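Thank you all for making the time this morning.

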Amino acid sequence: MTHFPYVGQAGDYIILDFGCLDTSNGAKLILRTDEVIVPKTPCIKIQILSKTGDWIEVGTLIPRVYWSTDIIDLTPYLLNVGGSLKIRLYFTHIHKIDYVAVNTTQQAQIQIVHSQLISAIHSKEGIITLKLLYQDKNMLN
C-alpha cells in the first residue's frame, strides 16, 4: 500500500474534530510533519476552538526539512474548550502532514539528571562547547 501525506499550501487549514474526550489528564497534539520548500518563516499555527466559537492560537509548529514528530501540550488551554476538542492547523507555507493524534493519557513520572557538558564539536565550526554553555547560561566554573 502506498502512503501519500497531505500537502497543505499557504493559507490552507485543516479542522480536526476529536469529539468529546476525557482530558482530565491533559491532552497533547502529536503531528508528523515535513517541509516541502524552505521559506523564511515557515510554520503551522495550532489553534483550538473556544467555547465562544473563536479560534485561539495555542502554538506554532515549525516543520523540519525532513520528517519529524512534534508534540504540542494543549493542557493549559483546555479550560477554554467547550464540549468537544476541535483543532485547526493553519498553514503559512507548503507543508506535509502524514500523522495527527491526540494523547490524553497521564504524563509519566520522569526524573531529570543534570550533567556537565564536557565538549561539543560541530562538523564545520569545530569546538563549540563554550558557545553552547553560554547560550544555555550554564557557564563553566
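**A charge over a ring**

Let me begin with R88, whose charged end sits over the ring of Y13, 5.1 Å from the ring centre. Please keep in mind throughout that this is a predicted model, and that every value I quote is computed from it.

Strand β2 covers residues 13-17, and β2 pairs with strand β7, residues 86-91, in the antiparallel sense over five bridges. Within this pairing, Y13 stands opposite Y90 in β7.

At the other limit of β2 we find D17, which also lies in that strand. Is D17 buried, exposed or partly exposed? Its relative accessibility is 49%, so D17 counts as partly exposed, given that the exposed class begins over 50%. If we set aside residues up to four places away in sequence, D17 touches S84, L85 and K86. D17 and R88 are 71 residues apart in sequence, while their C-alpha atoms are 8.8 Å apart in space.

**The sheet**

Stepping back from that pair of strands, the order in the open sheet is β2-β7-β4-β5, with four strands and antiparallel pairing. The edge strands are β2 and β5, the latter spanning residues 55-61, and each of them pairs on one side only. From one strand to the next, the twist averages 25°.

For the protein as a whole, there are ten strands and one helix, and, read along the sequence, the pattern is β-β-β-β-β-β-β-β-β-β-α. I would also draw your attention to the contacts: among those with a separation of 6 or more, 76% are between residues 24 or more positions apart.

Which residues does I44 touch, once its neighbours within four places in sequence are left aside? They are T33, G59, T60, L61, P63, L89, Y90, F91, H95 and I97. I44 and G8, which are 36 residues apart in sequence, have a C-alpha to C-alpha distance of 9.7 Å.

Among the contacts of I44 is H95, whose place is in strand β8. H95 has 0% relative accessibility and therefore counts as buried. Its C-alpha lies 8.3 Å from that of C43, a residue 52 positions away in sequence.

On another strand, β6 (residues 68-73), we have S68. S68 is buried, with a relative accessible area of 12%, a value that is under the 20% limit. Not counting residues up to four places away in sequence, S68 touches L31, R32 and T33.

**An aromatic pair**

I will finish with rings. How many aromatic pairs does the count come to? The count comes to one. The partners are Y6 and F91, arranged edge-to-face, with 5.9 Å from centre to centre and 65° between the planes. The pair links distant parts of the chain, because Y6 is in strand β1 (residues 6-8) and F91 is in strand β7, 85 residues apart.

The two partners also fall into separate accessibility classes: Y6, at 36% relative accessibility, counts as partly exposed, whereas F91, at 0%, counts as buried. F91 is also one of the contacts of I44, and β7, the strand that holds F91, pairs with β2, which brings us back to the strands where we started.

Terms used: Residues are numbered from 1 along each chain as its sequence is written. This is a predicted model: local features need pLDDT of at least 70, side-chain atom pairs count only at pLDDT 80 or more; totals for chains, interfaces and linings use all residues. Side-chain values use heavy atoms; hydrogens and water are left out. Two strands pair if DSSP finds at least two bridges between them. Helices (H or I, at least four residues) and strands (E, at least two) are DSSP runs, numbered from the N terminus. Axes are lines fitted to C-alpha atoms, for helices over the stretch in contact, and angles run from 0 to 180 degrees between N-to-C directions. Rings of Phe, Tyr and Trp (its six-membered ring) pair if their centres lie within 6.5 Å; planes under 30 degrees apart count as stacked, over 60 as edge-to-face and the rest as tilted. Buried means under 20% relative accessible area, exposed over 50%, partly exposed in between (1.4 Å probe, protein chains only). A charge sits over a ring if NZ of Lys or CZ of Arg is within 6 Å of the ring centre and within 35 degrees of the ring normal. Contact means heavy atoms within 4.5 Å.
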